[in-house]
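Hi,

Here is the structure I promised to pass on. Have a look at it first, and then read on for what turned up.

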Amino acid sequence: VPVIRLLLLILPLQCRAQKDNVVQPQGDVTAAEGEAVTLHCGYNSSSTSPSLYWYRQDGNQSPKFILSRFKLDEGNTEEHFKERFSSSLNSDLRSVPLKIQKLQVSDSAVYYCALRPTVTGNNTTLYKNLWSKDNTILHNIH
């Protein structure tokens, strides 16, 4: 059974205040093809209605938008990811975990969780922010 490696980076993009951030308590996770995996993302926000975003980066390509969540299941999911990727924003627990069903070898990538405000419509700035020196590596899924 092929082993799938996912790397999860969690970061706040252009936060308004220091208490606005995303956090990840877990370390490495191991998963095999066909399994389901949940990538956890906790957050702290001064906003009463925060917006959380998930991105995926394959190899040297630019990060790709997976989904956004504003309240519970409200938000958008990119068509390509709708079948196997899901998330719900839990404001009580301050979390927005990303669940990936039926893992495929092609899911091996770097995953990012970001807290609004996030760069929109400007991939160059997004890419720069995602690779800033303040990023924390939080998940390694093997």
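Cys41 and Cys113 are joined by a disulfide, S to S 2.0 Å (a disulfide being a pair of cysteine sulfur atoms within 2.5 Å). A search of the whole structure finds 1 disulfide. The torsion about the S-S bond of Cys41 and Cys113 is about -70 degrees, so this disulfide is left-handed. Cys41 sits in the loop between S6 and strand S7 (42–44), and Cys113 sits in strand S12, so the pair ties together parts that are 72 residues apart in sequence. Cys41 is buried, at a relative accessible area of 2%, and Cys113 is buried too, at 0%. Buried means under 20% relative accessible area, exposed over 50%, and partly exposed in between, with a 1.4 Å probe and protein chains only.

Before you go further: this is a predicted model, so local features need pLDDT of at least 70 and side-chain atom pairs count only at pLDDT 80 or more, while totals for chains, interfaces and linings use all residues. Residues are numbered from 1 along each chain as its sequence is written, and side-chain values use heavy atoms, with hydrogens and water left out.

Now the overall picture. The protein has 1 helix and 13 strands; helices (H or I, at least four residues) and strands (E, at least two) are DSSP runs, numbered from the N terminus. Along the sequence the pattern is β-β-β-β-β-β-β-β-β-β-β-β-α-β. Of the 142 residues, 44% count as buried. Among contacts (heavy atoms within 4.5 Å) between residues at least 6 apart in sequence, 66% join residues at least 24 apart.

Strand S8 (52–57) is worth a stop. How many of the residues of S8 are buried? It's 6 of the 6, so S8 is largely enclosed by the rest of the structure. Leu52, Trp54 and Arg56 point one way from S8, while Tyr53, Tyr55 and Gln57 point the other way. S8 pairs with S9 in the antiparallel sense over 5 bridges and with S12, also antiparallel, over 6 bridges. (Two strands pair if DSSP finds at least two bridges between them.) Trp54 has Leu67 in S9 as its bridge partner, and Leu52 stands opposite Leu115 in S12. The hairpin of S8 and S9 has 6 residues between the strands, and Gly59 there takes a positive phi near 55 degrees.

There's also an open sheet of 3 strands, in the order S6-S11-S10, with antiparallel pairing. S6 (37–39) and S10 (85–87) stand at its edges with a single partner strand each, so one side of each is left without a neighbour in the sheet. S10 and S11 (residues 98–100) pair over 3 bridges, and Phe85 has Ile100 in S11 as its bridge partner.

Finally, the inside. A nonpolar core here is a set of buried Ala, Val, Leu, Ile, Met, Phe, Trp, Tyr and Cys residues joined through side-chain atoms within 4.5 Å. The largest one has 21 residues, of which Leu52, Trp54, Ile66, Leu98, Ile100 and Tyr111 touch the most other members. S6, S8, S9, S11 and S12 are the elements that give two or more residues to this core, and S12 provides the largest share, 3 residues. Apart from it lies another core, of 5 residues, including Tyr53, Tyr55, Val110 and Ala114.

Cheers
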